[in-house]
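Colleague: I have a few quick things to ask about this one. Can you put it up?

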Amino acid sequence: MKDFNFYAPTRVVFGSESEEKLPQLILQYGGKKVLVHYGGGSARKSGLLDKVEKMLSEAGIAYVELGGVIPNPLLSKVREGIDLCRRENVDFILAVGGGSVIDSSKAIGYGVGYTGDVWDFWDGKAVPQTCLPIGVILTIPAAGSEMSSSCVITNDEGMLKRGVNSDLCRCKFAIMNPERTYTLPPYQTAAGATDIMMHTMERYFSKYEDAILTDAIAEALLRTVKDATYEVLLHPEDYRHRAAIMWASSLSHNDLTECGTEKDFACHKLEHELSGLFGVTHGAGLAAIWGSWARYVMDKHLSRFVQFAVNVMGVTNDFTSPKATALKGVEAIEQFYRTIGMPVNIPELIGREATDEEIKTLVDKCSRGGKMNIGAMEVLTSADMEDIYRLANRK
């Protein structure tokens with residue numbers, strides 16, 4: 001079991017009507033001029049933005065707004081937000097939405113106090129030193145950014161999708177009302193659940209295999225999300241299971257399921273290039289790549305894949321053939337993905353096979369021109385990345 005330092009400072013305010021506590025939370029964390037940052041029209045159509053504006057006005061909290069965040073949030077919007085915050089003397093950012101809005105808010109928070117180009121942080125030229133305080137009203141459980149130290153942004157120039165981790169960007173509070181997720185489209189619900197599960201799977205598949213309690217937490221979380229996803233797809237206003245998914249979103253990416261292990265995140269790195277190049281939904285991209293990664297690395301880590309198959313996917317252990325059990329586990333989760341409407345390969349993800357040129361582009365971006373390896377349980381070179389992309393490019 002690996003030594004660890006667990007830090008999760010975000011205050012979680014969970015439940016029906018939890019938005020009512022927004023003004024006092026902002027004031028508690030020193031907010032006097034707030035940037036309300038959001039995505040498309042759904043926040044307005046649902047009435048949530050109107051409610052936020054009313055509460056802020058009644059509490060005497062000044063605010064400005066910036067909408068238009070898209071999935072795989074763009075650097076250009078971040079720069080727009082930085083300029084707005086500086087011009088308006090904003091001292092607090094409120095993200096209303098899901099992971100894309102939260103990550104855009106974090107990037108803006110980094111950039112306001114930085115004299116250089118904010119992309120320097122994602123380009124490895126600088127390390128964040130400050131960040132405006134950020135609060136969240138979560139409407140899409142998926143990315144877990146509401147409790148994580150992670151921030152992923154896509155540079156419009158070259159569509160480079162990169163991540164930066166720093167405790168500075170951890171949100172001060174996260175307001176979570178499961179009722180706000182009732183109207184999520186089925187595809188978005190399924191993609192979100194896939195992302196949640198993958199955040200834990202990227203930690204569960206580790207070379208450290210003796211973190212008994214952490215494994216048990218991870219396995220329970222994965223089983224719970226899997227079962228709850230079936231339920232909410234059938235019954236969208238099932239509060240109990242919507243709540244389970246929403247809470248799992250946070251627990252899956254606040255590092256709890258990493259305590260005593262070491263995160264791998266090779267599949268996330270591989271997928272970032274898929275969504276950067278093809279503009280696909282992140283969770284769907286993860287579903288499309290994971291099975292190929294698993295088959296590529298499992299021979300050296302059979303015991304971990306067998307444990308996953310039996311304890312998470314309910315596969316009967318074939319003690320005479322660990323490999324057969326491990327493969328049944330991979331096939332079982334791929335069947336789960338298909339059942340909830342997720343792809344399990346690149347052709348299903350983008351509607352065609354990727355070209356050789358596109359595969360080479362994916363590898364080049366993921367490996368930073370062959371200069372960077374990825375993964376921890378199994379370290380992958382650029383040649384390995386290419387093999388996995390090609391495996392995933394088969395129907």
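Modeller: Helices (H or I, at least four residues) and strands (E, at least two) are DSSP runs, numbered from the N terminus. This is a predicted model, where local features need pLDDT of at least 70, side-chain atom pairs count only at pLDDT 80 or more, and totals for chains, interfaces and linings use all residues. Residues are numbered from 1 along each chain as its sequence is written, and side-chain values use heavy atoms, with hydrogens and water left out.

Colleague: Ok, backbone first. Where does Arg 368 lie?

Modeller: Arg 368 is in the loop between helix H14 (356-366) and helix H15 (382-392). Its phi is positive, about 55 degrees, although Arg 368 is not a glycine.

Colleague: What do most residues other than glycine have for phi?

Modeller: A negative value is what most of them have. Asn 72 also has a positive phi, near 60 degrees, and is a residue other than glycine. Asn 72 belongs to the loop between E3 and helix H4 (75-88).

Colleague: Asn 72, buried or exposed?

Modeller: Buried, because its relative accessibility is 13% and the cut-off for buried is under 20% relative accessible area, with exposed over 50% and partly exposed in between (1.4 Å probe, protein chains only). Arg 368 has 36%, so it counts as partly exposed.

Colleague: Moving to strands. How many residues of E2 are buried?

Modeller: Six of its six, so E2 is mostly covered by the burial cut-off. Lys 33, Leu 35 and His 37 point one way from E2, while Val 34, Val 36 and Tyr 38 point the other way.

Colleague: Which strand does Val 36 face in E3 and E4, I mean which residues stand opposite?

Modeller: Opposite Val 36 are Glu 65 in E3 and Leu 94 in E4. E2 pairs in the parallel sense with strand E3 (residues 62-66) over five bridges, and with strand E4 (residues 92-97) in the parallel sense over five bridges too. Two strands pair if DSSP finds at least two bridges between them.

Colleague: Now rings. How many aromatic pairs?

Modeller: The count comes to 20. Rings of Phe, Tyr and Trp (its six-membered ring) pair if their centres lie within 6.5 Å; planes under 30 degrees apart count as stacked, over 60 as edge-to-face and the rest as tilted.

Colleague: How far apart are Trp 290 and Trp 293 in helix H10?

Modeller: About one helical turn, because they are three residues apart in H10 (residues 282-297). Both Trp 290 and Trp 293 are buried. They belong to a cluster linked by ring pairs, together with Tyr 204, Phe 205, Phe 305 and Phe 308.

Colleague: Last one. Which residue lies over the face of Tyr 204?

Modeller: Arg 304, at 4.5 Å from the ring centre. The rule is NZ of Lys or CZ of Arg within 6 Å of the ring centre and within 35 degrees of the ring normal. Lys 263 lies over the face of Phe 265 at 5.7 Å.
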